[in-house]
Amino acid sequence: MSARYVYGVIHADRVPEARAVLAEATGLKGGMLDLFEVEALAVVISPSDGSPVVQTRRHMLAHTRVLEALCADITVLPMRFGVIAGDEASLRDRLVQHRGRLEAALHTYSGLVEFGLSMSFPREAAFAAMVRDDPSFAARHAQLAALGHEAHFERIEFGRRVAEALDHRRKAAERVAVTSLRSACQDMRILTPEADNQVLRAALLVPTDAELGPALEATAARTAFAPGADAEISLVGPAPAYHFISLSLDLEAETMAAE
């Protein structure tokens with residue numbers, strides 16, 4: 001069995017520390033983890049039968065756990081899920097071909113990790129703030145309540161207006177939050193919100209020793225999305241820079257791409 005599943009790339013001078021970390025970890029399908037060194041680079045690998053890996057939650061978690069175990073102390077460039085090298089000779093060729101670009105990326109992301117951020121406010125508090133800013137919503141709500149069942153279509157239209165107004169406020173709060181947090185991050189990727197009361201969903205690239213608490217609290221206060229309500233802040237990480245760099249091996253085209 002010569003195929004290898006590929007997790008990520010590190011600098012070869014961190015191989016001793018990486019081996020110690022990987023000795024306590026397990027790869028996909030319980031595979032034993034190893035490091036394949038090529039000049040100044042090293043690739044985290046495990047045995048593979050060469051068949052495509054099904055993108056299940058279990059497999060995805062196994063992939064990310066390997067990378068996240070390393071990233072606490074070692075800069076690692078994450079490989080996209082499901083990358084398999086047919087053999088070590090092919091893997092060596094790709095690494096040699098793109099050595100300069102990979103070494104440059106390792107330098108760029110050295111000492112940086114990614115955190116996933118979600119900042120939301122209670123929907124009731126956000127709605128109350130919107131009504132305070134525009135009392136016409138409260139007046140219209142009272143009118144519709146007095147009309148009873150006859151106002152069915154009017155209520156649908158009113159609901160649409162409320163949703164649009166809340167989304168407008170959410171987008172304004174998002175712009176404030178992004179501006180506020182920029183100085184605390186090396187880089188940021190804005191992600192699609194998952195709810196109408198989620199002011200910001202983003203991937204933050206920050207130094208490993210960054211203290212984000214004060215900046216997040218100040219940002220929540222500046223948004224004015226739901227004044228007086230406590231923000232619900234979720235910060236997940238540290239993790240490799242998944243949203244900022246992603247490697248893949250194209251064995252047919254014989255290229256390695258970093259996006």
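Helices (H or I, at least four residues) and strands (E, at least two) are DSSP runs, numbered from the N terminus. By that definition Val-162 is found in helix H7. The structure is a predicted model, in which local features need pLDDT of at least 70 and side-chain atom pairs count only at pLDDT 80 or more, while totals for chains, interfaces and linings use all residues. Residues are numbered from 1 along each chain as its sequence is written, and side-chain values use heavy atoms, with hydrogens and water left out.

The protein chain as a whole holds 8 helices and 11 strands. Of its 259 residues, 42% count as buried, where buried means under 20% relative accessible area, exposed means over 50%, and partly exposed lies in between (1.4 Å probe, protein chains only). The accessible surface of the chain comes to about 13500 Å², and 52% of that surface belongs to carbon and sulfur atoms; such areas come from the Shrake-Rupley method with a 1.4 Å probe, and for residues only the protein chains shown count as cover. If contact is taken as heavy atoms within 4.5 Å, then among contacts between residues at least 6 apart in sequence, 75% join residues at least 24 apart.

Strands are said to pair if DSSP finds at least two bridges between them. Strand S1 (residues 4–11) runs antiparallel to S3 and is joined to it by 7 bridges, with Gly-8 standing opposite Val-44 in S3. Strand S2 (residues 34–38) also pairs with S3 in the antiparallel sense, over 5 bridges, and Glu-37 has Ala-42 in S3 as its bridge partner. The hairpin of S2 and S3 has 2 residues between the strands, and in it Glu-39 takes a positive phi near 55°.

The aromatic rings come next. Rings of Phe, Tyr and Trp (its six-membered ring) pair if their centres lie within 6.5 Å, and planes under 30 degrees apart count as stacked, over 60 as edge-to-face and the rest as tilted. The structure holds 3 aromatic pairs. In one of them, the ring centres of Tyr-5 and Tyr-7 are 4.8 Å apart and the planes stand at 65°, so this pair is edge-to-face. Both Tyr-5 and Tyr-7 are buried, and ring pairs link these two residues and Phe-81 into a cluster.

A nonpolar core is a set of buried Ala, Val, Leu, Ile, Met, Phe, Trp, Tyr and Cys residues joined through side-chain atoms within 4.5 Å. The largest such core has 26 residues, and those with the most contacts inside it include Met-188, Val-199 and Phe-225. Among the elements that give two or more residues to this core are strand S6 (112–120), helix H5 (123–133) and strand S8 (198–207), although H7 gives the most, with 7 residues. A second, separate core of 24 residues includes Val-38, Leu-77, Ala-85 and Ala-241.

Returning to Val-162, this residue is buried, with a relative accessible area of 14%, and its C-alpha atom is separated by 9.0 Å from that of Met-130, 32 residues apart along the chain. As for cysteines, Cys-71 is buried at a relative accessible area of 5%, and Cys-185 counts as buried at 12%. A search of the whole structure finds 0 disulfides, a disulfide being a pair of cysteine sulfur atoms within 2.5 Å.
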